[in-house]
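Please keep the sequence and the model in view while reading.

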Amino acid sequence: MSITGTEIKLEQKYTSLFNDSKTSLDKVVSENVSSQRDKAIQLFEEKGIPNKKVEHYKYTNMVPLFEESYNVDFEHEVFKKNLSEVFNCNVHDLEATTIYLINGWYYRKNQLPETLPEGVLIGSFAEFSKSHPELFEKHYNQYAKNDEDSLVALNTAFAQDGFFIYIPKGVVIEKPIQIVNIMHSEQDLMAFPRNLVVIEENAQAKILLCEHTLSENKFLLNGVTEAYVDKNAVFDIYNIQNQHNLTTNVSSVFVKQKQHSSALTHNLTLHTGVTRNNIYIDMDDEHCESHVYGLFISDKNQHVDNFSFIDHAKPNCYSEELFKGVLDDAATAAFAGKIMVRPDAQKTNAFQRNDNLLLTENAKINTKPMLEIYADDVKCSHGATVGQLDEKAMFYLRSRGISKEESRILLMYAFAYEAVEKIRVPALREQIRDLVEHVFRGELNKCHSCALCGQESNGGYSCM
Amino acid sequence: MLEIKDLHAKIDDKEILRGINLTVKPGEVHAIMGPNGSGKSTLSSVLAGSEAFEVSEGSASFYGKNLLDMPAEDRAREGLFYSFQYPVEIPGVSMVNFMRTAVNEQRKYNNEKPYSASEFLKLMREKKKLVEIDSNLTNRSVNEGFSGGEKKKNEIFQMAMLQPKVSILDETDSGLDIDALRIVANGVNKLKNENNATIVITHYQRLLDYIVPDYVHVLYKGRIVMSAGKELAYELEEKGYDWIKKQFED
């Protein structure tokens with residue numbers, strides 16, 4: 001099935017796709033998931049694809065990206081091979097429980113360890129929506145803000161599959177759960193992965209979400225992850241984005257927190273075409289703690305836009321936000337971070353920072369730290385910096401016999417270091433440290449997870 | 001080993017060095033003294049390869065090679081060491097990583113096999129002991145949060161690690177208390193042998209009580225206006241620089 005046509009209004013392209021595909025969309029999911037579609041597509045139609053006039057998308061016009069033609073895979077037919085034929089994950093060989101999504105669909109041959117604690121559910125969003133309707137009724141589409149962002153609504157309208165994770169009360173999953181989302185298709189493809197995570201009271205889980213592209217086609221991902229973090233629970237999500245230049249990745253995360261819970265999100269954008277990350281943290285109870293981090297490293301014509309909204313709805317919560325960016329060549333980026341301290345939220349501690357390193361004259365960042373405070377007994381700070389490599393430090397390193405290139409790498413790494421150190425899982429931190437160093441050395445293309453590796457780059461794009 | 005002839009250097013069209021002549025031979029210790037703004041630090045930065053200055057005239061050869069043609073890193077790999085007056089703090093770069101990269105790049109340049117991790121750590125332990133640097137300083141980021149004395153000790157530690165042929169110590173004594181000064185000077189003396197040379201740049205004669213020079217040069221307005229033995233340092237300490245200024249007023 002493909003969408004074409006230039007005359008019709010852009011939004012109509014998506015609404016008619018929706019109307020034409022409703023039957024196949026609904027086939028795989030529960031009634032609860034399908035029943036939310038109509039309202040969502042309506043919200044989408046009202047707001048339209050965000051262009052530069054939409055304040056939150058001021059520096060990333062989504063219209064041209066959504067104007068391109070893509071195929072869709074609502075029947076789950078595109079990928080029929082064995083995963084091992086196309087993918088060999090030896091870069092992130094982490095002690096982890098690993099599952100795969102292909103083109104947003106849960107890979108049916110995933111094998112889960114038999115030793116998972118009782119009650120833990122890890123698997124397909126679609127399947128669990130049918131087998132565990134009670135969990136979906138309680139949590140699905142409760143946290144995603146369809147009315148704030150039309151692309152989130154678009155995802156809700158088209159949601160079919162993704163991953164579902166449920167950690168019952170008191171259970172601690174020590175090893176990170178690694179989810180590898182691979183795009184692999186012979187035609188340009190668009191996907192709407194939808195994920196749901198429920199961490200019950202006093203439970204803990206860490207998720208590592210790796211996003212890759214394995215074929216050279218153009219991809220558009222518009223994914224949404226909702227996470228419910230109950231009382232005293234601990235939840236981490238690390239999102240590593242390593243995709244080729246023809247990828248547009250819109251990734252939205254919504255975290256709902258309850259009392260004494262601790263949540264961490266970390267968006268590591270190592271390589272993509274256009275990336276838009278939305279991070280919404282809702283601290284809906286007292287004594288919540290949230291950590292919102294990001295690191296983006298871009299070169300050539302890549303574009304990265306990070307948007308975050310941290311909602312201090314109740315008193316005595318703590319939030320810490322740090323985004324670091326390194327931009328080379330003509331890469332562009334944007335950061336907008338809003339911290340909302342509601343009238344009730346006394347004794348709030350909220351800290352936000354965005355630091356950027358521009359390596360060339362042509363690299364560009366627009367940064368906008370925002371604080372909105374309606375309570376009067378709070379401690380908040382926000383700030384942003386944009387700078388270049390320190391000439392004095394360069395000379396110091398070179399005067400010790402370290403080459404200019406190596407000094408540059410050391411200093412870029414030193415800049416990124418602070419964000420990498422925020423990773424709370426030591427083994428993962430090690431892995432990501434290496435990965436980031438590889439990026440700075442321009443060696444990430446040796447990574448097997450990237451389709452263009454070992455191939456001559458051809459017209460229009462290259463891998464790193 | 002180091003021969004500087006008629007060296008002129010400027011920054012933003014302002015000429016700071018106006019014809020420096022200096023010859024340094026193995027085993028020698030040279031002290032360069034002079035009032036503020038005479039060009040002492042410029043001379044050392046120019047020799048170390050700082051790109052902030054433009055050499056407009058003259059030459060500097062290091063074991064017969066044209067020093068001024070080399071980028072800063074090659075000068076270091078050839079055996080020139082510059083101890084900074086203000087060592088730079090580099091958060092995020094660990095001392096160990098920094099030194100291992102430096103030592104191994106130098107070895108690679110000289111066609112030697114890079115040190116393995118264990119060989120390197122052993123070398124580092126030895127040198128730390130030699131210069132009496134606190135062992136946990138090397139577990140931190142380069143100079144980050146170091147006190148003034150620690151930074152200078154760290155310079156001497158790096159000098160010990162890199163084993164240079166010529167070391168230029170730029171105001172190594174500034175801001176040091178007497179104990180730190182003694183440790184730094186002891187380090188320099190321990191590293192001294194008949195094959196290497198030291199150029200000590202200082203304001204005060206006190207450092208020269210510890211690092212005894214063979215020659216003392218007075219730099220004034222971008223030229224070496226007087227050279228003598230170590231007794232000149234005492235004379236300067238006693239009389240100040242005014243008599244020099246008067247004598248060489250343009």
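Two strands count as paired if DSSP finds at least two bridges between them. The model is a predicted one, and this rule is applied to its strands.

In chain B, 4 strands form an open sheet, and their order is S2-S1-S4-S5 with antiparallel pairing. Strand S2 (14-24) and strand S5 (65-66) of chain B are the edge strands, each pairing on one side only. Strand S4 (residues 54-62) of chain B runs antiparallel to S5(B), and 2 bridges join them. Asn66(B), in S5(B), is the bridge partner of Ser61(B). Helix H1 (residues 40-48) of chain B packs on this sheet, where it touches strand S1 (2-11), S2 and S4 of chain B. The direction of H1(B) makes about 70° with that of S2(B).

Which residues of H6(B) are buried? They are Ala180(B), Leu181(B), Val184(B), Ala185(B), Gly187(B), Val188(B) and Leu191(B). Seen down the axis of H6(B), these buried residues fall within an arc of 155°, so they line one face of the helix. An α-helix has 3.6 residues a turn, so residues three or four places apart point the same way. The buried residues of H6(B) pack against helix H4 (117-130), helix H5 (148-162), strand S9 (166-170), strand S10 (197-201) and helix H7 (206-210) of chain B.

Definitions and conventions. Residues numbered from 1 in each chain as written. Chains lettered and ligands numbered in written order. Predicted model: local features only at pLDDT ≥ 70, side-chain atom pairs only at ≥ 80, totals over all residues. Heavy atoms only, no water. Buried < 20%, exposed > 50% of the residue type's maximum accessible area, 1.4 Å probe, protein only. Arc of directions from axis to C-beta. Contact = heavy atoms within 4.5 Å. Axes fitted to C-alpha atoms, helices over the stretch in contact; angles between N-to-C directions.
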